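Work through the exercises below with the sequence and the model open. Each task is followed by a solution in steps.

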Amino acid sequence: LSSANSIGDLFTNVAVARAGMPAMAASACIGAPLLNVLFGVGISTLLGNLLVASPYPVDLNLELYVSVIFLLLGLAAMLLYFRVVPNTPQAAKNFGAMLLLLYSIFLIIILGLEAVGGSQLLTTRLKDLRSDLKRAK
């Protein structure tokens, strides 16, 4: 679902990069998902508190934590790249390779967690996961 949802962003970002604005395209790659996470969680939590229950229970699960960690790692990698390669208005091939490698690592970890523990592991709240691990010992 997320791949299909991001196709429009992909084509837009490629067009922006081809137009000679790779920094803007790279910023959009981080900005759009970050906006979705912050805006989506913010509005759903606000409406949940107003309409359902206060405080509204939000399940912070392993999948969400892994996704946010890799989103922040992608941002850090981009900032580090443009800091290490100063005064470079264009992104080189190694920049794209670095981000594709980071995404590949993300996919391997998410798919590995799903293979090991099934979808139940990824959607389990971390508090419940810790207590299950303690009981298993």
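**Exercise 1. A residue of helix 1**

Is Asn 13 buried or exposed? The model is predicted, and the values used in the solutions are computed from it.

Solution. Start with the location: Asn 13 sits in helix 1. Next, take its relative accessible area, which is 11%. The cut-off for buried is under 20%, so Asn 13 is buried. Last, list its contacts, leaving aside neighbours within four places in sequence: Asn 13 is in contact with Ala 25, Ala 28 and Cys 29.

**Exercise 2. The overall fold**

State how many helices and strands the protein has, and in what pattern they follow one another.

Solution. Count the elements: there are 5 helices and 0 strands. Read along the sequence, they give the pattern α-α-α-α-α. Then consider burial over the chain: of the 137 residues in the protein, 18% are buried. Finally, look at the contacts with a separation of 6 or more: residues 24 or more positions apart account for 59% of them.

**Exercise 3. An aromatic pair**

Classify the ring pair formed by Tyr 103 and Phe 106.

Solution. A pair of aromatic rings is described by the distance of the centres and the angle of the planes.

1. Distance: the ring centres of Tyr 103 and Phe 106 are 5.9 Å apart, and the limit for a pair is within 6.5 Å.
2. Angle: the planes of Tyr 103 and Phe 106 stand at 35°. Stacked needs under 30 degrees and edge-to-face over 60, so the pair is tilted.
3. Position: both residues belong to helix 4 (residues 93-123), where they are 3 residues apart, about one turn of the helix.
4. Accessibility: Tyr 103 has a relative accessible area of 45% and is partly exposed, whereas Phe 106, at 16%, counts as buried.

**Exercise 4. The largest nonpolar core**

Solution. First list the members, 7 residues in all: Leu 62, Val 66, Phe 70, Leu 102, Phe 106, Ile 110 and Leu 121. Then assign them to elements: helix 3 (62-84) and helix 4 each supply at least two residues of this core. Helix 4 gives the most, with 4 residues.

Now follow one member. Not counting residues up to four places away in sequence, Phe 106 touches Val 66, Ser 67 and Phe 70. A second, separate core has 6 residues, among them Ile 30, Leu 71, Tyr 81 and Phe 95.

**Exercise 5. The largest pocket**

Describe the volume and the lining of the largest pocket.

Solution. 

1. Volume: the largest pocket contains about 1,900 Å³ of space.
2. Centre: 47 residues line the pocket, and the closest to its centre are Ser 6, Cys 29, Pro 33, Leu 71 and Tyr 103.
3. Elements: helix 1 (2-18), helix 2 (22-51), helix 3 and helix 4 each supply at least two lining residues. The largest share, 13 residues, comes from helix 2.
4. Classes: the lining has 33 nonpolar, 11 polar and 3 charged residues.

Note on methods: Residues numbered from 1 in each chain as written. Predicted model: local features only at pLDDT ≥ 70, side-chain atom pairs only at ≥ 80, totals over all residues. Heavy atoms only, no water. Phe/Tyr/Trp six-rings, centres within 6.5 Å; stacked < 30°, edge-to-face > 60°. Buried < 20%, exposed > 50% of the residue type's maximum accessible area, 1.4 Å probe, protein only. Core = buried A, V, L, I, M, F, W, Y, C linked by side-chain atoms within 4.5 Å. Contact = heavy atoms within 4.5 Å. 1 Å grid on protein atoms, 1.4 Å probe; cavity = no way out; pocket = protein on both sides within 12 Å on 5 of 7 lines; lining within 4 Å. Points joined across faces, edges and corners; volume = space filled by probe spheres on them. Nonpolar A, V, L, I, M, F, W, Y, C, P; charged D, E, K, R; others polar.
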